[in-house]
Amino acid sequence: MQQPKEETLRRRLAEHTPRTVWLERERSMAVLLPLAEGPEGWQVLFEVRAAGISQPGEVCFPGGRIEPGETPEEAALRECREELCLGPKQVELLGAGDRIATPGGVLVHSFAGVLRGYEGGFSQSEVAQVFTVPLAWLKSHPPLVQDVPVATVPGADFPFDKIPGGAAYPWRGGTYRVLFYEYEGRVIWGITAKVLHRMLPLL
């Protein structure tokens with residue numbers, strides 16, 4: 001088999017766009033932090049997930065899986081329009097925040113946007129209710145922080161005979177930081193709180 005020339009290798013690497021590989025079964029999702037103007041300034045809108053979908057009752061931002069052929073920006077806008085029953089011109093993308101990886105293998109692309117003429121509607125099949133929190137309050141109230149241990153635990157069929165130390169191999173552990181915001185009895189936590197926390201300095 002003919003070996004590729006050095007120039008070919010150099011070109012291939014130059015054309016490659018580096019990406020973060022978190023887990024082999026990584027799933028990509030996009031969420032949008034919606035801002036709406038209120039009597040006392042900007043408000044951040046949150047959803048409470050409906051009973052018939054995964055993680056019912058939890059607080060979240062509009063968002064979901066990135067469909068084939070769709071950019072993260074397009075997915076965030078589509079999900080926001082679908083979940084809040086908005087027209088094409090009722091949500092404007094402001095820009096992108098960070099990409100956040102979870103221990104469960106989900107890579108979350110975050111964005112912020114402005115709602116125009118929103119009157120409180122939502123898709124009842126996905127959303128139980130919506131509520132807003134003043135942006136000024138969120139910026140002035142740091143979250144509760146809890147570090148959760150993350151460990152690598154091989155299954156019984158793992159080929160221990162192929163690695164030094166076998167079953168006694170000293171796998172490295174780590175921590176996953178979980179954040180909690182609490183506003184008027186509502187708890188904003190998990191990936192939603194992490195997106196919010198990373199986005200707040202940009203707002």
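Predicted model: local features only at pLDDT ≥ 70, side-chain atom pairs only at ≥ 80, totals over all residues.

**Entry 1: a phenylalanine in a loop**

Is Phe 122 buried, partly exposed or exposed? I looked up the relative accessibility of Phe 122 and found 24%. Burial needs a value under 20% and exposure one over 50%, so Phe 122 counts as partly exposed.

Next I checked where Phe 122 sits. I found Phe 122 in the loop that runs between strand S6 (106-115) and strand S7 (127-134). Setting aside neighbours within four places in sequence, I listed its contacts: Glu 83, Leu 84 and Cys 85, along with Val 127, Ala 128, Gln 129 and Val 130. I also looked at Leu 86, which is 36 residues from Phe 122 along the chain; their C-alpha atoms are separated by 8.4 Å.

**Entry 2: the nonpolar cores**

Which residues touch the most other members of the largest nonpolar core? I noted Val 44, Phe 46, Phe 61, Leu 138 and Leu 196, in a core of 25 residues. I then asked which elements supply at least two residues each, and my list reads strand S1 (27-38), strand S2 (41-49), S6, S7, helix H3 (135-140), strand S9 (174-183) and helix H4 (190-199). H4 gives the largest share, 4 residues.

**Entry 3: salt bridges**

How many salt bridges does a search of the whole structure find? I got 8. I started with Glu 15 and Arg 11, whose side chains meet with an N to O distance of 3.7 Å. Both residues lie in helix H1 (residues 6-15), 4 residues apart, about one turn of the helix. Glu 15 is exposed because its relative accessibility is 57%, while Arg 11, at 45%, is partly exposed.

Then I turned to Arg 78. Its side chain forms a salt bridge with Glu 79 at 3.2 Å, N to O, and another with Glu 82, where the closest N and O atoms are 3.5 Å apart. Arg 78 and Glu 82 share helix H2 (residues 72-84) and are 4 residues apart, about one turn. Arg 78 has 18% relative accessibility and therefore counts as buried; Glu 82, at 39%, is partly exposed. Glu 79 is buried, as is Arg 78.

**Entry 4: cysteines**

How many disulfides does a search of the whole structure find? The count came back as 0. I checked Cys 80, which is in no disulfide; the nearest cysteine sulfur belongs to Cys 85, 11 Å away. Cys 80 has 0% relative accessibility and so counts as buried, whereas Cys 85, at 47%, is partly exposed. That brings me back to my opening entry, where Cys 85 was among the contacts of Phe 122.

Technical notes
Residues numbered from 1 in each chain as written. Heavy atoms only, no water. Buried < 20%, exposed > 50% of the residue type's maximum accessible area, 1.4 Å probe, protein only. Contact = heavy atoms within 4.5 Å. Core = buried A, V, L, I, M, F, W, Y, C linked by side-chain atoms within 4.5 Å. Salt bridge = Lys/Arg side-chain N within 4 Å of Asp/Glu carboxyl O. Disulfide = S-S within 2.5 Å.
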